[in-house]
Amino acid sequence: MDTPRKVEHQQTDRGYVPVYATGVVEQPWASYSKTDHEVWDTLYKRQRELLPGRACKEFMAGVERFGLGDGGIPKFAELNKVLGAATGWELVAVEGLLPDEVFFDHLANRRFPVSWWIRKPDQLDYLSEPDLFHDLFGHVPLLLNPVFADYMQAYGRGGMKAFAIGPDALMNLTRLYWYTVEFGLINTSEGMRIYGAGIVSSKGESIYSLDSPSPNRIGFGLERVMSTRYRIDTYQQTYFVIDSFEQLFEATHPDFTPIYAELKQQPAHAAGDVLDSDRVFTRGDRVGWATNADT
Ligand code: PHE
Ligand code: FE
């Protein structure tokens with residue numbers, strides 16, 4: 001892609017210097033094809049019809065407030081007016097996945113990186129890397145929620161710290177992101193709801209995560225989640241359930257440094273394990289589970 005790349009500068013203890021490319025580009029809005037806009041409209045319509053009663057109300061409210069279904073691919077500049085006024089977050093366009101420390105730096109500064117390109121019409125149901133639909137439709141609506149917005153920033157700061165501590169700490173933290181931001185469920189007074197971006201951006205998993213008898217649905221516990229491996233190639237074998245975004249924010253507030261040290265002494269749990277100490281909402285019947293190793 002020959003979109004312009006900006007190399008940004010950063011205030012560090014060595015002064016105001018270019019530290020690394022942040023991966024940020026201009027959203028090349030004029031270059032989207034008619035097909036690109038149609039793919040957005042198709043995916044939007046499909047999820048918008050499926051998600052009421054499945055996604056949590058905070059997510060649905062965000063979708064409406066941004067006007068994500070006004071027709072065609074949204075302009076980040078327009079969304080940023082709404083987002084900036086609400087929670088001070090800003091969307092930045094990127095080519096794709098970023099190095100961990102670059103991603104954490106964005107989040108720590110309330111910038112959310114969104115892949116600018118969208119999948120092809122033959123990839124509506126599955127894609128191995130995040131595209132515009134996953135990043136924007138999946139992640140951005142909840143950035144309008146003040147508690148979730150603060151959680152994401154805290155996660156970015158925690159990421160910088162984990163990165164400095166080492167790869168084991170980083171793996172523990174990545175599992176937390178996976179089982180909350182990407183694949184989290186929330187237990188509301190109206191029933192079990194979805195808030196994870198990886199679920200709400202997938203038609204199949206929006207149904208499976210709530211309706212299938214296969215996976216476990218287990219109450220969120222910080223150390224439980226940080227010590228549990230996960231699947232990147234299939235639907236999840238276990239979903240972790242929070243009671244509220246406040247609970248998630250409070251539970252992740254303590255300094256993780258001693259927790260990382262403790263977890264390093266213990267073996268990780270398999271993705272599908274159920275422990276005696278778990279608060280089990282539903283125990284999966286394990287039908288259709290892959291038997292090869294987890295990530
Ligand atoms: N409290 C964590 C730490 O000290 C940071 C963090 C906050 C991580 C929120 C994830 C989510 O490392
Ligand atoms: Fe994601």
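The largest share of the shell around ligand 1, five residues, is contributed by helix H6. This is a predicted model, in which local features need pLDDT of at least 70, side-chain atom pairs count only at pLDDT 80 or more, and totals for chains, interfaces and linings use all residues. Residues are numbered from 1 along each chain as its sequence is written, and chains are lettered from A and ligands numbered from 1 in the order in which they are written. Helices (H or I, at least four residues) and strands (E, at least two) are DSSP runs, numbered from the N terminus.

The shell itself consists of Tyr151, Ala154, Tyr155, Gly158, Lys161, Leu176, Thr252, His253, Pro254, Asp255 and Phe256; a residue belongs here if its C-beta atom, placed from the backbone, lies within 6 Å of the molecule. By class, six of these residues are nonpolar, three polar and two charged. In this scheme Ala, Val, Leu, Ile, Met, Phe, Trp, Tyr, Cys and Pro count as nonpolar, Asp, Glu, Lys and Arg as charged, and the others, Gly among them, as polar. One member of the shell, Phe256, sits in the loop between helix H11 (245–251) and helix H12 (257–263). Phe256 is buried, with 21 other C-beta atoms within 10 Å; the term applies when 20 or more other C-beta atoms, placed from the backbone, lie within 10 Å of a residue's own, while 12 or fewer make it exposed and anything in between partly exposed. Although Phe256 and Ala162 are 94 residues apart in sequence, their C-alpha atoms are 8.5 Å apart in space.

Ala162 also takes part in the contact of H6 with H7. Helix H6 (residues 146–165) packs against helix H7 (residues 167–182) at an angle of about 155°, and their axes are 8 Å apart. H6 is therefore roughly antiparallel to H7. Axes here are lines fitted to C-alpha atoms, for helices over the stretch in contact, and angles run from 0 to 180 degrees between N-to-C directions; those under 35 degrees count as roughly parallel, over 145 as roughly antiparallel, 65 to 115 as roughly perpendicular and the rest as oblique. On the H6 side the contact involves Tyr155, Gly158, Gly159, Ala162, Phe163 and Ile165, which meet Ala169, Leu170, Leu173 and Tyr177 in H7. Eight residues of this contact are nonpolar, two are polar and none is charged. Contact means that the C-beta atoms of two residues, placed from the backbone, lie within 7 Å.

Turning to the sheets, five strands form an open, mixed sheet in the order S7-S6-S9-S8-S10, where two strands pair if DSSP finds at least two bridges between them. Strand S7 (191–194) and S10 each have a single partner strand and stand at the edges, so one side of each is left without a neighbour in the sheet. From one strand to the next, the twist averages 35°. Strand S8 (residues 216–219) runs parallel to strand S9 (residues 238–242) and is joined to it by four bridges, with Gly219 partnering Val241. Towards strand S10 (residues 280–282), S8 pairs in the antiparallel sense over two bridges, and here Ile218 has Val280 as its bridge partner. Strand S6 (residues 185–188) is parallel to S9 and linked to it by two bridges; Leu185 stands opposite Val241 in S9. Helix H9 (residues 203–211) packs on this sheet, touching S6, S7 and S9, and its direction makes about 150° with that of S7.

A further open sheet has three strands in the order S3-S4-S5, again with mixed pairing. Strand S3 (24–25) and strand S5 (111–115) are the edge strands, each with a single partner, so one side of each lacks a neighbour in the sheet. Strand S4 (residues 90–94) pairs with S5 in the parallel sense over five bridges, Val94 having Ser115 as its partner. Helix H3 (residues 76–87) lies across S4 and S5, running at about 150° to S4. Ser115 is also among the residues touched by Leu132, including Ile73, Val114 and Trp116. Leu132 is found in helix H5 (residues 132–139) and counts as buried, with 24 C-beta neighbours inside 10 Å.

Finally, two backbone angles deserve a word. Most residues other than glycine have a negative phi. Arg110, in the loop between helix H4 (100–108) and S5, has a positive phi near 55° and is partly exposed, with 18 C-beta neighbours inside 10 Å. Phi of Arg286 is likewise positive, near 65°; this residue lies in the segment after S10.

Notes. Lists of a residue's contacts leave out its neighbours within four places in sequence.
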